[in-house]
Amino acid sequence: MSLYELLRGPLLWVAFGVFFGGMVVRVVLFFQLSTQKDKPIYRFFSWKWLWLSIFHWILPLNETAKKNPVVTSVGFVFHICLIVTPLFLLAHGVLWYESWEISWWSLPESVADYMTLIAIGSGLFLGIRRLVSPHVRIVTTAADYLLLAVTLAPFVTGYLAYHQYFDYQTIILLHMFFGELMLVVIPFTKLSHFLIFFFSRAVTGMEFGRRNAPSW
Amino acid sequence: MGDKAAAFNPEVFKKTAEEKSNARLKMWLEICAHCGLCADTCHFYLANERDPKMMPAYKAKKVLETIKKNNKFDEDRLDEFYETIYGECTMCRRCTMFCPFGIDVASIISMARSLSASQGKVPKELLKAVESHLESGNQMAVTEEEWVDTLEWMEEELQEELPGATIPIDKKGADFLYVVNAREPKFYPMDISQAAMVFYLAGADWTMSSKGWDVTNLAMFMGDIAAATKIAQMVRDAAEELEVKRVVVTECGHALRSLQFESPIWLGRDHQFEVVHSVSLFAEYLREGRLKLDKSVFANERCTYQDPCNVSRNGGCAQDAREIVKYLCEDFVEMEPHSEYSYCCGGGGGFIPMAGAFKDRRLKSGKVKAEQIKATGASICITPCHNCYDQIRDLDKEYELGIKVLSFKEMFEEALIIPEELKAKEEDEEE
């Protein structure tokens, strides 16, 4: 089995397995512990405040967004490109079709290309902000830089592969490797916030809500 | 309350950490993205020349490191930890509101205070107040005799002006039980007669209790939940024994937070009564026309309102206060930001009772509030919280604000329109 086949086959399965399995475990552990030790969540459970809290933050409808327009804009653009580009990339769609004969809408290639650059650019901005703002630097750990690198690596290598810069064969292998690496680390790191965000917003939204106060 | 360990006890520390680590705390300490957006939401950060070490996420990170290293933790580190959790956070929850993930740093600090308490490391003034509360039923060791005497004395004073007014004690089945802060009988008994005056004029069916009347709960600020539960139980028992429909909390912030929102959690079930802050009750009376205020009394003053964190952000009474102000002030100017978004004055989280060693930090962190007040140009700052009240009076001196700090009750005493038939017959000629 070639390295390509390995990354395209078994390792991809491993990556998806760890990613989905890991996140399921995270959620199960949260429910397991919270039903014992965080009873107020369930006692004061409120769909209204849960959704209001999520809604005001999944969209920039909060005081923080108003007060920090630059970081908010860059942050939103970064996250949108990060999620949308890989899911709706034509080349990825082709792979899904090859394997499972399933397909869905894809982005025009030039748009995806720009979005990749935007993801890299906004990611770099957030990284540089960590270095130059004293209040961000002081809470930054090595893991923060590493995770940013792990997040951006699939985009950088994807961009290089699409434009066939350097040795395509090597770059595409690296691209696959980094993509899989990112999936694998998500459940074990703060990157899990892609899902845990909703839990955290929900509990805080309800806690403020039962005091009739907004959490946005 | 357990014995105070003489030396650092890693086993107790670890046990407490495990006990207190719930799913939310674990989640928050894991997902904090270290984005730094909480920095300028914190009055300590802003008042200390934007010192990054004062930002909420940094303080939370310190707590996390402590827990992770709990075996290597020793007394020196405990001292450093202590300075952060007591000296650099009022648990006002403003940062929580501005955090994209809604990470509640106040809960993290509260947990850290529990850890510190497990080693007997707590501000001695807080400890003294809590011990006194557990022993005597109130944090200032007022005896039941002194308490009842004070109420009777205040009733007599009040009757000189309003002959029909009373201060009922232990009246079973009253509409509401009025509970106060122990400093009222101790230092500010007029607070009680002012409240009684308001209730009398509003035609309220109310009572005070001979027991369980001190609604403060400083154990909450010490992270000593066992003691906080016992203290809350005293008020609940008094209210349930008197079979009142509501418990009205005096103009005090943390008392509302602990009784209304925290104690049902500690005590494991809902109260059999509703908890209402004075601000909400006063707004209700004015709305229903049961109280009438003469707005001209404060016509020459510019008023502003200090939102106590535990009344507005953590108590949900911000709008009620605005409603009162409409009946009371001709010239009212809001601080920016205000209501739920208000900055802590610096007196919360136990800072006022902690006194001594923390006073300089308290005054310094109050700079943000002082500047906000100054910007309004107000001559009166209204605040319905004893801790805010003391802090803003101190800020007035420290930052030369030239303001008067008043509670709603104090303003009502001057502005209430008293029907002629209720007034004492013999007019005082000298007035």
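## Where chain B meets chain A

Between chain B and chain A, the count of salt bridges is 5. One of them joins R93(B) to E207(A), whose closest N and O atoms lie 3.7 Å apart. Please keep in mind that this is a predicted model.

Polar contacts can be counted here too: 28 residue pairs across chain B and chain A make one, with both partners at pLDDT 80 or more. Which elements of chain B give two or more residues to the side that touches chain A? They are helix 1 (10–20), helix 2 (23–31), helix 4 (56–68), helix 6 (94–98) and helix 13 (253–266). Helix 2 of chain B provides the largest share of that side, 7 residues. Sorted by class, the side of chain B that touches chain A holds 24 nonpolar, 11 polar and 16 charged residues.

Now for the extent of the interface. In terms of contacts, 51 residues of chain B meet 44 residues of chain A. The two chains bury about 3,900 Å² between them, and 59% of this is on carbon and sulfur atoms. On the chain B side, the residues that lose the most area to chain A are R24(B), H34(B) and F101(B), which together make up 15% of what that side buries.

Here are the interface counts in one place:

| Item between chain B and chain A | Value |
|---|---|
| Residues of chain B in contact with chain A | 51 residues |
| Residues of chain A in contact with chain B | 44 residues |
| Salt bridges | 5 salt bridges |
| Polar contacts (both at pLDDT 80 or more) | 28 residue pairs |

### A nonpolar patch on chain A

On the surface, M1(A), L3(A), L6(A), L11(A) and V14(A) form a nonpolar patch, and their accessible area together is about 480 Å². Two elements of chain A give two or more residues to this patch: helix 1 (3–8) and helix 2 (10–37). V14(A), for one, lies in helix 2 of chain A.

### The surroundings of S379(B)

Where is S379(B) found? S379(B) sits in the loop between helix 18 (367–376) and strand 7 (380–382) of chain B. Leaving aside residues up to four places away in sequence, S379(B) touches E301(B), R302(B), G402(B), I403(B) and K404(B). With E301(B), the contact is polar and runs from side chain to side chain, at 2.6 Å. S379(B) and V405(B) are separated by 26 residues in sequence, while their C-alpha atoms are 8.7 Å apart in space.

Technical notes
Residues are numbered from 1 along each chain as its sequence is written. Chains are lettered from A and ligands numbered from 1 in the order in which they are written. This is a predicted model: local features need pLDDT of at least 70, side-chain atom pairs count only at pLDDT 80 or more; totals for chains, interfaces and linings use all residues. Side-chain values use heavy atoms; hydrogens and water are left out. Contact means heavy atoms within 4.5 Å. Buried area is the accessible area (1.4 Å probe) that two parts lose on being put together, summed over both. A salt bridge is a side-chain nitrogen of Lys or Arg within 4 Å of a carboxyl oxygen of Asp or Glu. A polar contact is a pair of N or O atoms within 3.5 Å; within protein, one must be able to donate a hydrogen and the other to accept it, and residues adjacent in sequence count only if both atoms are side-chain atoms. Helices (H or I, at least four residues) and strands (E, at least two) are DSSP runs, numbered from the N terminus. Ala, Val, Leu, Ile, Met, Phe, Trp, Tyr, Cys and Pro count as nonpolar, Asp, Glu, Lys and Arg as charged, and the others, Gly among them, as polar. Patches are made of residues with over 30% relative accessible area and no salt bridge: like charges are joined within 9 Å, nonpolar side chains (Val, Leu, Ile, Met, Phe, Trp, Tyr) within 5 Å. Accessible areas come from the Shrake-Rupley method with a 1.4 Å probe; for residues, only the protein chains shown count as cover.
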